[in-house]
There are 4 protein chains.
Amino acid sequence: MKSSIGEKIKLSVFGESHGPAIGCLLEGLPSGVKIDMDALLAQMARRAPGRDKTATTRKEADIPEIISGVVDGVTTGAPLAIIIKNSDTKSHNYDNLRDNPRPSHADFAAAVKFGGANDIRGGGHFSGRLTAGIVAAGAICRQILKEEGITVGGHILTIGNVAETSFDPVNVTAAQLEALSSKLFALNNPAAEELMRAEIESARLEADSVGGCVELAAVGLPVGLGNPMFFGVENVVSNILYGIPAVKGVSFGAGFGYASMRGSRANDQMYYDDEGNVRAYTNNCGGITGGITTGMPLIVNVAIKPTPSIGQPQKTVNLKTGENSTLVIEGRHDPCIVPRALPVLEAALAIALLDLLAQGDRV
Amino acid sequence: MKSSIGEKIKLSVFGESHGPAIGCLLEGLPSGVKIDMDALLAQMARRAPGRDKTATTRKEADIPEIISGVVDGVTTGAPLAIIIKNSDTKSHNYDNLRDNPRPSHADFAAAVKFGGANDIRGGGHFSGRLTAGIVAAGAICRQILKEEGITVGGHILTIGNVAETSFDPVNVTAAQLEALSSKLFALNNPAAEELMRAEIESARLEADSVGGCVELAAVGLPVGLGNPMFFGVENVVSNILYGIPAVKGVSFGAGFGYASMRGSRANDQMYYDDEGNVRAYTNNCGGITGGITTGMPLIVNVAIKPTPSIGQPQKTVNLKTGENSTLVIEGRHDPCIVPRALPVLEAALAIALLDLLAQGDRV
Amino acid sequence: MKSSIGEKIKLSVFGESHGPAIGCLLEGLPSGVKIDMDALLAQMARRAPGRDKTATTRKEADIPEIISGVVDGVTTGAPLAIIIKNSDTKSHNYDNLRDNPRPSHADFAAAVKFGGANDIRGGGHFSGRLTAGIVAAGAICRQILKEEGITVGGHILTIGNVAETSFDPVNVTAAQLEALSSKLFALNNPAAEELMRAEIESARLEADSVGGCVELAAVGLPVGLGNPMFFGVENVVSNILYGIPAVKGVSFGAGFGYASMRGSRANDQMYYDDEGNVRAYTNNCGGITGGITTGMPLIVNVAIKPTPSIGQPQKTVNLKTGENSTLVIEGRHDPCIVPRALPVLEAALAIALLDLLAQGDRV
Amino acid sequence: MKSSIGEKIKLSVFGESHGPAIGCLLEGLPSGVKIDMDALLAQMARRAPGRDKTATTRKEADIPEIISGVVDGVTTGAPLAIIIKNSDTKSHNYDNLRDNPRPSHADFAAAVKFGGANDIRGGGHFSGRLTAGIVAAGAICRQILKEEGITVGGHILTIGNVAETSFDPVNVTAAQLEALSSKLFALNNPAAEELMRAEIESARLEADSVGGCVELAAVGLPVGLGNPMFFGVENVVSNILYGIPAVKGVSFGAGFGYASMRGSRANDQMYYDDEGNVRAYTNNCGGITGGITTGMPLIVNVAIKPTPSIGQPQKTVNLKTGENSTLVIEGRHDPCIVPRALPVLEAALAIALLDLLAQGDRV
């Protein structure tokens, strides 16, 4: 099993939920970058459990230790390794879960693939906890992107059936993205937030969970990033985003909405703005044509499935007895993973964009 | 620019729409496989222009020549190279297009990226014509997959606002997929087909185009294919599918529909069937959990934007004069690319799945 | 089987000796480069058979056709594909060779690996003929390197027991390298050439073959190319050079001579030259420390084994009868492959260096 | 900067000599393997400093902590991360070294490449200390190879001008390799060992250092491992070996000796042995033809330069003043790194071979 990605900026993720530590390795960073640890910890806090009442009550200090690649707070150019120790790991008896795979978790597929040797404690290597390292790595990439004038952000677009568009894909600004990225529950309309929180609370009270959708954006990208065919922005971004647990859909710009459009409406017609820059009246293509950035904001939608761990009894199989069984999952779970997934997805997008940027344009 | 993809089965695509030839290179194939040229040509015919009145009237013989990797019709294990000569290339004057980039085409982004040196004749390397090689490569991969009991197929799910579900994601069979994959306009309901054709004809008459969506499936996959995080089935499949021009959304199983579900409904509860196989009552996860196949059918949805080449006047910029301009695109265009894109997407899916299969399970 | 290499500049080689054509694919080239076809053909001529009496008498026109990535002689930035048709393929009966693998050829190993399906006609994919495409690709890379002030070249260092050092590794110049690279039998001392030719002729008359060694160099490289550990100049260069048939040793600078040195003599002590550049008094490290270029000339030595095809009877096994056998190889063979291998090795070095250069320094 | 390698088995190395820890990440291991920690620690001890009087007196406990990928001593299939804390890091003032790069070290090239931000304490990421993680990773790979009947080993071939062949490349056995690999100073002839130790002591007394050469071998490899061209055994093995500091030459079988041979002597003629296996009378090809294993022992020679850190005054440049200078290097250094490099090279060979094995043969 490989858990690494990237061409020029390479991310490798390691660890298991209840092992000694999780972490990640980030290769290809430039030397001489002073790491903004406050910004890094602020992003970690958005993802950390127990910060918002919509999330699991598991508490983790989530203090990242940079054990290589940084001296006196400045990158050396060598691979940057981050370790995050696991602390709040309750010593369950996991025999029940090993025997009775949880529906819509990886338990069954992993048991077959790894011959039962995979670590199932807290989900092992499949746990959402491993995304903590991605957030830390992404925070560093965001900082380098910012020095190049590129800002990444995102917001909660839907929770269950409640939807709220927090920005305009044609005119979204860096300031708007930064404001959103400082929030634990990231959207702009307090009324919509209240409704979304109510959806989550309703699911929680029924020992259930609920899915949602987020919208990511990046502004300040140069024209010409990415390639036709298999190294396009869409390929690279979807490739990394599908690495985040619970992601089941990734689309760009109008995405699936494009399918019911006519070309005359879908096409992003162009003009010169006052500064002589080429701009488009609409942004259905989400800032990408032919795999290459156009200079308009990059817009990505991501669908996130409901947390599969729910408190209700569920039908499954008993791999030990070979008979059908019923499972009730104990423990602390997020009734909705969307708010905590958002900073992870933003981080992953930042890593992908820095990789594309680092691949350069000429030669 | 790189136009290659894959770990163990590697596909590289080359050529330009109006150059001497297009083609592809397929590395990593097993030796000793007898190529079924009839099956290969049948897939080529589904994608070829001029076969169905919904498509462009450009005619291309599209005869693939295998120039390496095959002796006496059998694979040698060496890289397999396919060449398809370009013939029906009309000698336009392309100065107008070079100066006035077409909206929602890659023209503007590519002009910036390649400093104007990119081939714009017929779209150059960005042309959908390059997918002909992918169909040929995919046909070979489909054949090898079939020997392993795996069948890939798909159907048109929507054209504009007309939708038709042609199979059940829980119970879809190899026979159903093969029947669909033998059609030029692949779906099961003649009434829906009539409505979809009417949508396309309506767009054509208005010098417009229309988008759509396809649903792909694979049955017979073993449990345990793919990995958590970045080498999962979703990552690998979305990575290659986004290499096909006009794709703007890729989702798995319930996809974006997952976002509004509760976990209690979304979770695929499991049972043993009569043969002792683990099955699920539903297939919202599209046959993948934690990036790994579950043994249920793999289900992928793909959104395809309307052909950006339309006959109506459109606003754009004149890169030569630096002023706003109006463009009318001449030439032969598909009012809807969905029917011809489907065999390409099926081919790409087959290549990705063979790559995952070839990566093996143990060690 | 994969036959491709490179990170940013990617080379893929395809074809079989007696198939319709051989060729290669070169991805990642910059756009806008005017190809110097004369320079390309001049390099092809150095490798082509039948040009020098030390070589096989097989005649091949070896005319490369660029079928994609170039319009009007200028690179478009799209993958560049080169095809070279095979013409002088004599229709032998190959059953004898299939049954009786040639000693020190890949015949036996390949028969096992590919289950007998590999193309054995003329060596198939293992043939030295496939290096023609590498020479063409390398010529294009050499041209781009030259625009960056970097010159690649080499000379015959030994044939059998005759040795001749044609340049000084500390002070070798671009002009010296270019003069050597214009020769069919590349070295500087006519007396040594005469002795080397005599070695080859002696081997030929005895139906035997003889090995040798070449020295490659590159000047004008910037300080800082390459990386510590696995992406260093030595790794990248040796990786591609071992892709050339008959190469059995690759070393840098003093190479194996380093093993018997003391550090006090081996170390390359440094000074500022008159222009303020950092230079070294010696160049035992061959222009690389810690995997990174120092600005001194890059020096690579390559050992080339004697052509294994010889006219003398040899002991082998009969894979059909399962008994020991004796083989006499018919046909046209090079009594010494070193002169023709040299331009291939120079080309491969150029491709590797352009790849390193294209990977850039910052981010 | 990337410090990772491998296709199916991927090794990434991180850390800096005087940072908090060094370590490595090993992806792609099979699940269910019980790690033999005693064997792992025995290999670590061979490389560790301070164990033999020929080595530096720096003491490091070198206790590897496996922080992911192993539960209860058994691999889970998830990425395996190893951390080794740094302890004996003396707090020097490094300003002198930063200003005056050490001859034949990476100091100057790295200073230019990383703009002075690279960690120079103890060599930073360039330090031989980083190879400790490679030994640990290699020990795990050796164990898995052994389960497949493959044994890796090696011996000191030369130190300075003293040479000793410890085994026969045609008939070397697993038992011989295992016996050698249990030694700190690995060769078979006590008289030769005495002479080699005298060479080292002589260098040490003169504040000098001395180079050497090692011979590596692997037995039990199946026929058919590796590929023609760029994924051959020679490419993969040389690629990883050049990642080990101080390696300046890598050759296979007769290597550079091949260059002066005639084909009639160089060719490895074949026969059936009593068990019906195809064997060769000689093994000049080092067990590889056309990049593919033949079933004969794999033989690799590696040249190692003298430790560049010596106690004698050396000429260098002062990067701060821009003037020539003289440097005397303080501190603890190995007068000969060859004995400690050997277990690292064996480990690297094991990792490369497991990668090739894991890539499989069919499909």
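How far apart should the ends of helix 9 of chain A be at 1.5 Å a residue, and what distance separates its end C-alpha atoms? This report takes up that question within a predicted model.

## Helix 9 of chain A

Helix 9 of chain A covers residues 338–358, which is 21 residues.

Because 21 of its 21 residues are buried, helix 9 of chain A is largely enclosed by the rest of the structure. Just after the helix, G360(A) adopts a positive phi of about 75 degrees.

## Chain A as a whole

Chain A contains nine helices and 18 strands. Its C-alpha atoms occupy a box of roughly 70 × 50 × 40 Å along the principal axes. For 363 residues, a compact globule would have a radius of gyration near 21 Å; chain A has 21 Å, so the value agrees with that expectation.

Of the 363 residues in chain A, 66% are buried. Contacts between residues at least 6 apart in sequence may also be considered: in chain A, 73% of these join residues at least 24 apart.

## Helix 4 of chain B

Helix 4 of chain B consists of 17 residues, numbered 131–147. From its first C-alpha to its last it reaches 24 Å, close to the 24 Å expected at 1.5 Å a residue. Since 14 of these 17 residues are buried, helix 4 of chain B is largely enclosed by the rest of the structure. G149(B), just after this helix, has a positive phi of about 85 degrees.

## Where chains A and B meet

In the model, 88 residues of chain A are in contact with 88 residues of chain B. On the side of chain A that touches chain B, 40 residues are nonpolar, 38 are polar and ten are charged.

Strand pairing also links these two chains. Strand 11 of chain A (residues 247–252) pairs with strand 11 of chain B (residues 247–252) in the antiparallel sense, over three bridges. Within strand 11 of chain B, S251(B) stands opposite G249(A).

## Strand 11 in chains C and D

Strand 11 of chain C, residues 247–252, runs antiparallel to strand 11 of chain D, and three bridges join them. Here S251(C) stands opposite G249(D).

Strand 11 of chain D is also joined by five bridges to strand 16 of chain D (residues 298–304), again in an antiparallel arrangement. In that pairing, G249(D) stands opposite A303(D). Six of the six residues of strand 11 of chain D are buried, so this strand is largely enclosed by the rest of the structure.

How values were computed. Residues numbered from 1 in each chain as written. Chains lettered and ligands numbered in written order. Predicted model: local features only at pLDDT ≥ 70, side-chain atom pairs only at ≥ 80, totals over all residues. Helix = DSSP H or I, 4+ residues; strand = E, 2+ residues; numbered from the N terminus. Rg over C-alpha atoms; globule rule 2.2 N^0.38 Å. Buried ≥ 20, exposed ≤ 12 C-beta atoms within 10 Å, placed from the backbone. Contact = placed C-beta atoms within 7 Å. Expected span 1.5 Å × (residues − 1). Nonpolar A, V, L, I, M, F, W, Y, C, P; charged D, E, K, R; others polar. Pairing = 2+ DSSP bridges.
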